[in-house]
Amino acid sequence: MSPVVITLVSDGSRCLLVRQESFPRGMYSALSGFCDVGETLEETVKREVAEEVGLEIESLWYSASQHWPFPNSSLMIGCHAMVCPQQSKISINRQELEAAKWFSLEEVEQALRREPKPSQERDNSLSFWVPPKQAIAHRLIQEWVKKQAVIRA
């Protein structure tokens with residue numbers, strides 16, 4: 001079994017979602033990457049976030065895990081990570097990602113209400129959507145939304 005970290009990055013008020021070229025059109029998700037041999041979970045999260053979007057993690061915490069049979073029996077380990085809001089400029093690794101964007105709470109809430117499929121808006125732009133409920137990425141995104149609601153209350 002190959003361990004994979006999947007991490008939802010936040011700067012406190014926004015969350016970072018990414019697209020790989022292989023994703024269905026319009027879908028954004030959390031960052032993910034395989035653990036290297038001899039690497040801790042924390043080291044993997046810090047390395048993957050730095051390599052894929054050029055951000056430095058201030059803190060991180062574990063959320064949950066999920067078996068993921070694709071492409072070859074992986075254990076997905078879900079984490080949340082925090083970056084400093086003053087150091088949240090993204091530098092996308094184009095070999096790994098097609099896109100990476102910061103999204104507000106309102107944008108993420110709208111995406112969670114959308115069907116997990118591509119849809120065209122009236123102005124011909126593509127509405128983004130997030131992975132379906134059975135995916136650990138969906139769980140991470142929902143946890144972030146709930147945390148934001150508590151912060152704002």
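## Cysteines

The sulfur of C84 is 17 Å from the closest cysteine sulfur, that of C15, which is too far for a bond. C84 is buried, with a relative accessible area of 14%. Buried means under 20% relative accessible area, exposed means over 50%, and partly exposed lies in between (1.4 Å probe, protein chains only).

A disulfide is a covalent bond between the sulfur atoms of two cysteines. Here a disulfide is counted when two cysteine sulfur atoms lie within 2.5 Å. The structure holds zero disulfides. C35 is in no disulfide, and its nearest cysteine sulfur, that of C79, is 8.9 Å away.

## About the model

This is a predicted model: local features need pLDDT of at least 70, side-chain atom pairs count only at pLDDT 80 or more, and totals for chains, interfaces and linings use all residues. Residues are numbered from 1 along each chain as its sequence is written, and side-chain values use heavy atoms, leaving out hydrogens and water.

## Strands side by side

Helices (H or I, at least four residues) and strands (E, at least two) are DSSP runs, numbered from the N terminus. Two strands pair if DSSP finds at least two bridges between them.

Start with β2 (14-19). Five of the six residues of β2 are buried, so the strand is largely enclosed by the rest of the structure. Strand β1 (residues 2-10) runs antiparallel to β2, and two bridges join them. V9 has L16 of β2 as its bridge partner. The hairpin of β1 and β2 has three residues between the strands, and G12 takes a positive phi near 105 degrees there. On to β6: six bridges join it to β2, again antiparallel. L16 stands opposite W102 in β6.

Now take strand β5 (residues 74-83). Nine of its 10 residues are buried, so the strand is mostly covered. β1 and β5 pair in the parallel sense over nine bridges. Strand β4 (residues 57-68) pairs with β5 in the antiparallel sense, over 10 bridges. L75 in β5 has P3 opposite it. H67 also stands opposite L75.

## A cluster of rings

A pair of aromatic rings is described by the distance of the centres and the angle of the planes. Rings of Phe, Tyr and Trp (its six-membered ring) pair if their centres lie within 6.5 Å; planes under 30 degrees apart count as stacked, over 60 as edge-to-face and the rest as tilted. The structure holds three aromatic pairs. One of them joins Y28 and F103 edge-to-face, at 5.4 Å centre to centre and 75 degrees between the planes. Y28 lies in the loop between β2 and β3 (31-34), and F103 in strand β6 (residues 99-104), so this pair ties together parts that are 75 residues apart in sequence. Y28 counts as buried at 7% relative accessibility. F103 counts as buried at 6%.

The rings of Y28 and F128 also pair. Their centres are 5.8 Å apart and their planes are at 80 degrees, so the pair is edge-to-face. F128 lies in the loop between α2 and α3, so its pair with Y28 ties together parts that are 100 residues apart in sequence. Ring pairs link Y28, F103 and F128 into a cluster.

## Around F128

Where does F128 sit? Its place is in the loop between α2 (105-113) and α3 (136-152). Is F128 buried or exposed? F128 counts as buried, at 11% relative accessibility.

Contact means heavy atoms within 4.5 Å. Leaving aside neighbours within four places in sequence, F128 is in contact with several residues, including L17, G26, E107 and R114. R114 lies over the face of F128, at 5.9 Å from the ring centre. A charge sits over a ring if NZ of Lys or CZ of Arg is within 6 Å of the ring centre and within 35 degrees of the ring normal.

S29 is in the loop between β2 and β3. S29 counts as buried at 5% relative accessibility. Residues up to four places away aside, S29 touches I6, L16, L17, V18, F23, P131 and A137.

T44 is found in helix α1 (residues 41-53). T44 counts as buried at 0% relative accessibility. Residues up to four places away aside, T44 touches V5, G33, F34, C35, D36 and E39.
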